[in-house]
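Hi everyone, thanks for making time. Let me put the model up, and then I'll talk you through it.

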Amino acid sequence: MKLWYSTTSPFVRKARAVAHYHDLQDHIELLLVTRPFSAQSPHNQDNPLGRVPALQLDNGDWLLNSSVIAEYLDSIGKQPTLFPQDQKRWKVMELYALAEGVLENLVGLMLPERMFRPQQEWWLSRHQQILQRNDRTLQLITQQLEPFGTALNIGTLYTVCLIDFLLFRANVTGADDYAAMPQLAQWAQRMNALYPCLAETKPVMPPQ
């Protein structure tokens with residue numbers, strides 16, 4: 001299999017962490033995206049969405065969505081599933097959806113402006129709305145983590161990806177202003193210490 005990836009994306013990290021959890025990393029060739037916005041970048045030839053991650057299966061088919069990729073990798077892995085099918089499933093998937101929602105708010109609506117446009121061109125009122133929504137959501141996530149403790153499932157795994165990304169890009173994510181961040185950061189630190197699949201996929205700046 002081949003995976004188009006970046007070294008900073010929380011969506012990519014989710015897929016890579018699932019692969020690592022199932023000891024699939026040696027079966028996946030990593031293809032680093034170095035020019036994400038270039039129409040000539042090879043990943044844009046393979047993926048009409050132009051997003052990462054994108055996974056090519058051994059039969060040549062492509063999976064072009066991080067959630068689909070994560071669940072596919074979980075389905076072929078040998079370790080216990082990260083997607084429970086018992087009564088815990090909906091609590092896990094709700095936590096997963098909350099983490100996804102915070103990231104979509106940021107990546108889709110705010111970070112591109114903050115990272116690539118002059119500050120005088122930012123849509124400030126929209127940014128403030130996003131920050132307020134994320135602040136409330138992170139407080140809800142803190143509550144919903146309590147039943148899981150440090151158990152690993154797709155919801156807790158993705159929440160670690162979210163928290164570490166917020167801290168990694170704190171200059172543009174507003175991480176320092178979120179009320180729940182100190183508690184969440186401590187929890188994520190424990191999770192990274194407990195699970196190699198998380199520790200070995202933490203975001204890093206890409207090679208120059």
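Predicted model: local features only at pLDDT ≥ 70, side-chain atom pairs only at ≥ 80, totals over all residues.

Residues are numbered from 1 along each chain as its sequence is written, and side-chain values use heavy atoms, with hydrogens and water left out.

Okay, Arg13. You'll find Arg13 in helix H1, residues 10-21 (helices are DSSP runs of H or I, at least four residues, numbered from the N terminus). Arg13 is buried, at 4% relative accessible area (buried means under 20%, with a 1.4 Å probe and protein chains only). So what does the side chain of Arg13 reach at 2.8 Å? That's the backbone oxygen of Leu198. A polar atom of the Arg13 side chain also lies 3.1 Å from the backbone oxygen of Thr201. Beyond its neighbours within four places in sequence, Arg13 is in contact with residues including Val160, Asp164 and Asn192 (contact means heavy atoms within 4.5 Å).

Next, the largest nonpolar core, which has 61 residues (that's buried Ala, Val, Leu, Ile, Met, Phe, Trp, Tyr and Cys joined through side-chain atoms within 4.5 Å). Leu73, Leu138, Ile154 and Leu157 touch the most other members. Helix H7, residues 154-168, gives the largest share, nine residues.

Last, the helix pair: Leu138, Ile141, Thr142 and Leu145 in H6 meet Met181, Gln183, Leu184 and Trp187 in H9. That's it from me.

Terms used: Helix = DSSP H or I, 4+ residues; strand = E, 2+ residues; numbered from the N terminus. Buried < 20%, exposed > 50% of the residue type's maximum accessible area, 1.4 Å probe, protein only. Polar contact = N/O pair within 3.5 Å; in protein donor to acceptor, adjacent residues only side chain to side chain.
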